[in-house]
Amino acid sequence: MFKPIPVSIGLRYLRAKRRNGFISFISMASILGIALGVTVLITTLAVMSGFQKEIRDRLLQMTAHTTITTDGAPMADWAHAVDVAKKDPRVAGAAPYIEIQAMLSGPRVQGAIVQGIDPALEPNVSVINQKVKKGSFDSLTAGSYNLLVGQELAIYLGVGVGDTVLVTLAEVQGTPIGAIPRMKRFTVSGIFEAGYNEVDRGVAYANMADLEKVLRIDGVTGVRLKLHDMDKALDVGVDLAHNLTGAYRVSDWTQQNANLYHSLRMEKVVMGILLSLIIAMGAFNLVSSQVMLVTDKQADIAILRTLGLTPGGVMQVFMVQGSLIGIFGTVLGVIGGITLTLNLERILGAIETLFNVKLLPEDVYYITGLPTDMQTPDIIMITAVALVMSFLATLYPAWRAARTQPAEALRYE
C-alpha cells in the first residue's frame with residue numbers, strides 16, 4: 001500500500017467486488033450515464049458548429065467581410081479607397097458597390113435589394129461569378145441594363161433568362177404631375193444560386209454604371225473588402241477609414257448579420273446547457289451509488305477510524321473513489337463523442353440506405369451531407385463540466401461517511 005492512505009483505500013474500493021451487486025450496477029450506470037452525456041454533448045455541439053460554419057461560409061461567399069460607406073452621400077473617390085485598401089497586406093480584395101431597395105415586377109411582384117457591381121472587381125470580394133447557373137455573369141456590361149437574379153427570386157417573380165423585369169426604385173423624381181418613383185426596365189441575363197435563402201430570394205445584381213445612370217448619381221454606396229482573416233474585419237476597416245479623407249462608417253460581417261450570428265451562438269449555448277442535464281443525471285446516479293456504498297462500508301469506516309484515520313481522511317477515500325468513476329465516464333464519453341462525430345456522416349448514410357429515407361433533403365436545407373466541426377475549446381469545456389459535476393456528486397456521500405461514529409457502526413457487528 002502506498003501513500004497517501006486515502007487514495008490507496010479509494011482505489012481498492014474501486015477495484016473490489018461488492019457484496020451488494022446492486023451497488024456495482026448503480027456505479028456502472030453512473031459511468032455509462034456520464035459517458036453518454038459527454039458523447040451526446042460533443043456530437044451535438046460539433047454538428048451545430050458545423051452548420052454554423054457552413055451557413056457563415058456560404059453567406060460570406062456572397063457578402064463582404066468589411067464594408068466602408070459614407071454618411072448618406074455617394075462615395076465619389078471610391079477608386080482611391082480601393083487603391084488604399086489593396087496596399088494593406090491584410091486585405092485580399094476590394095470592390096465598390098451600389099445598394100438600393102427596389103420592387104421587381106414581372107408576372108408577379110417581389111421586393112428585393114438591387115446591388116450595382118463592377119464585374120471586373122466584384123470577383124475579388126465574392127463568388128457571384130461562380131454561382132451563375134443560367135445565363136452569364138459577363139452579361140453585366142455597362143449600358144446593357146441586364147440583371148442577375150437569385151433562383152428563388154426568379155421563381156417568385158415567374159421569370160427566366162431573357163425576360164424583362166420592371167425595377168421600381170425607392171428614389172423619386174419630380175415630374176409635372178408630381179413626384180414618382182424612378183423606374184427602369186431590365187433584362188434578366190442570368191440566374192444564380194448562392195445556397196443561402198436570404199440571398200437567393202432577396203438580392204439582384206446589375207452593372208454599377210447602369211444604376212448610377214438610373215439614380216442620376218456620380219459615386220457609389222461604399223467599398224467592400226475581403227480579408228485574409230475575417231476575425232480582424234472591424235480593425236482593418238477602421239484603419240482604412242483613418243487613411244481616407246472625410247467621414248466614413250465602418251461595419252463588419254458580424255454587425256451586418258448580427259441577428260443570424262447571435263441567434264446561432266445562442267442556440268449553441270442553450271443546446272449545450274440543456275444537454276448538460278444528461279451529464280447531471282449521471283452525476284445523480286453517482287450520488288446514489290456512493291450513498292449506498294457508504295452504507296455498505298459502515299463497518300470498514302469504523303475500523304479505519306479506530307486505526308487512526310481522521311474524518312477528513314475518510315472523506316477523501318470516498319471522494320477519490322467517486323471521482324475516479326466520474327473520470328472513467330468522462331474519458332469514455334470523450335472517446336465515444338470524437339469517434340461518433342468522425343463517423344457521423346457514414347452512420348447517417350447507412351440509416352438513409354437501410355430505411356430508404358432522406359434525412360437532409362438538399363432542396364430544403366441547401367446542404368449536402370451533415371457538416372461537423374469539432375472545436376477543441378468545446379471538448380475541453382465539456383470535459384471540465386463533466387469532471388466538476390462528478391466531483392460535486394461525491395461531496396455529500398463523502399461528508400456523510402466522515403460523520404460515521406465507530407461505536408454506532410460496530411454495535412451490531
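What is the volume of the largest cavity? In this predicted model, in which residues are numbered from 1 along each chain as its sequence is written, local features need pLDDT of at least 70, side-chain atom pairs count only at pLDDT 80 or more, and totals for chains, interfaces and linings use all residues. Side-chain values use heavy atoms, with hydrogens and water left out.

The largest cavity has a volume of about 40 Å³, and the count comes to one cavity of 30 Å³ or more. On a 1 Å grid over the protein atoms alone, a cavity is a set of points where a 1.4 Å probe fits but cannot get out, whereas a pocket is an open set with protein on both sides within 12 Å along at least five of seven lines, and lining residues have an atom within 4 Å of a point. Grid points are joined across faces, edges and corners, and a volume is the space filled by probe spheres set on the points. The largest cavity is lined by I42, L45, A46, D373, M374, Q375, D378 and I379, with α2 and α14 as the elements that give two or more residues to this lining. Helices (H or I, at least four residues) and strands (E, at least two) are DSSP runs, numbered from the N terminus. The largest share of the cavity lining, three residues, comes from α2.

Helix α2 (residues 21–62) also holds S49, which is buried at a relative accessible area of 3%; buried means under 20% relative accessible area, exposed over 50%, and partly exposed in between (1.4 Å probe, protein chains only). Apart from its neighbours within four places in sequence, S49 is in contact (heavy atoms within 4.5 Å) with K268, D373, Q375 and D378. The second largest pocket, with a volume of about 320 Å³, is lined by 14 residues, of which S49, Q52, K268, Q375 and D378 are the closest to its centre. At least two residues of this lining are supplied by each of α2, α9 and α14 (376–402).

The largest pocket holds about 560 Å³ of space. Its lining comprises 24 residues, of which T63, E99, I113, Q115 and N257 are the closest to the centre. Among the elements that each supply at least two residues of the lining of the largest pocket are α2, β2 (91–105), β3 (109–117) and α9 (258–296).

Elsewhere, the axes of helix α11 (residues 311–342) and helix α12 (residues 344–355) come within 4 Å and cross at roughly 60°. The two helices, α11 and α12, are therefore oblique to each other. The contact involves L340, T341 and L342 of α11 together with L344, R346 and I347 of α12.

Positive phi values occur at several positions. Y145, which is not a glycine, has a positive phi of about 50° and lies in the loop between β4 (132–135) and β5 (146–150), where Y145 is buried with a relative accessible area of 18%. R216, found in the loop between α6 (208–215) and β9 (222–227), likewise has a positive phi, near 60°, but R216 counts as exposed at 62% relative accessibility. In helix α10 (residues 298–306), A299, I301, A302 and L304 are buried, and just after α10 a positive phi of about 110° is taken by G308.

Notes. Axes fitted to C-alpha atoms, helices over the stretch in contact; angles between N-to-C directions. Parallel < 35°, antiparallel > 145°, perpendicular 65-115°, else oblique.
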